[in-house]
Amino acid sequence: MKRKIILLTIILMLLTTPSSSSNYYQKKVIKIAGDNNYPPYEFVDEDGRYRGFNVDMMRAIAIELGLEIELIPMSWQEAMEALERREVDAVQGMTRSKSREEKFDFSLPLVINSQAIFVLKETNYISSIEDLKGSRVSFQKGDISYELSQEVEGIESYTRVNQEEAIDLLLEGKVDAFMGNRLTGIYYLQKEGNFDKVKIVGEPMHETEYCVSVLK
């Protein structure tokens, strides 16, 4: 029942526009942007295929309702900007926040996400977000974790186009910590065999709703 409610909410968000009509949307290709490197939710694999939980969900909806969709992978920052410029109709996965609610409308949550702080195994002076004051910290550009970090003064921020590049800065010793999505961080570290080099400190932070989003 919950899955059906989520699917219906997503579709209603996509179709409820001033110009919406059944005939119009039978012909319209609905353009949906997503992150090109945010596993396990959405990513382009080594063979150039767009894969992940969000991709499977959108394709299932399209088949169920006979809609024609175009999934467009791009960097996360580009996806948000494309939605703001109305170049796409929706973003298939976005973490909900108060600041984002000023510009976007959100579906019911697909999952509940949390953010985490990753440090090298030998680092013992960081155990919470407050401990990041005066430290070098890497983030994905435009990610919700960067918004959270603004609450702490004195963080020296290093932003990269995706979380993989931001984690690499930590592995290379160029930053003191990486802050980002907990599941995505674990995925990258396990995939590259680097999980034994890094640890997660503190409790899961900022548990938030991960939803489909459209422009207000």
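Which residue forms a salt bridge with Glu172? The partner is Lys174, and the closest N and O atoms of the two residues are 3.3 Å apart.

## Basis of the model

This is a predicted model, in which local features need pLDDT of at least 70 and side-chain atom pairs count only at pLDDT 80 or more, while totals for chains, interfaces and linings use all residues. Residues are numbered from 1 along each chain as its sequence is written, and side-chain values use heavy atoms, with hydrogens and water left out.

## Salt bridges

With a salt bridge taken as a side-chain nitrogen of Lys or Arg within 4 Å of a carboxyl oxygen of Asp or Glu, the count comes to 13. One of them joins the side chains of Lys28 and Asp89, at 3.5 Å from N to O. Lys28 lies in the loop between helix H2 (22–27) and strand E1 (29–35), and Asp89 in the loop between helix H4 (76–84) and E6, so the pair ties together parts that are 61 residues apart in sequence. Helices (H or I, at least four residues) and strands (E, at least two) are DSSP runs, numbered from the N terminus.

Lys28 counts as buried at 19% relative accessibility, whereas Asp89, with a relative accessible area of 27%, is partly exposed; buried means under 20%, exposed over 50%, and partly exposed in between, with a 1.4 Å probe and protein chains only. Another salt bridge is formed by Lys103 and Glu84, with the closest N and O atoms 3.4 Å apart. Lys103 sits in the loop between helix H5 (98–101) and strand E7 (104–106), and Glu84 in helix H4, 19 residues apart.

## Nonpolar core

A nonpolar core is a set of buried Ala, Val, Leu, Ile, Met, Phe, Trp, Tyr and Cys residues joined through side-chain atoms within 4.5 Å. The largest nonpolar core has 14 residues, and those touching the most other members are Ile117, Ile126, Ile129, Leu132, Val137, Ala177 and Met179. Two or more residues of this core come from each of strands E8 (111–120), E9 (136–140), E11 (177–181) and E12 (198–215).

Not counting residues up to four places away in sequence, Val137 touches Leu132, Ile155, Glu156, Ser157, Tyr158, Val175, Ala177 and Met179, where contact means heavy atoms within 4.5 Å.

## Lining of the largest cavity

Among the residues that line the largest cavity are Asp35, Trp76, Arg100 and Tyr210, a lining residue being one with an atom within 4 Å of a point on a 1 Å grid where a 1.4 Å probe fits but cannot get out. Strand E6 (residues 90–95) gives the largest share of this lining, three residues.

Definitions and conventions:
On a 1 Å grid over the protein atoms alone, a cavity is a set of points where a 1.4 Å probe fits but cannot get out, and a pocket is an open set with protein on both sides within 12 Å along at least five of seven lines; lining residues have an atom within 4 Å of a point.
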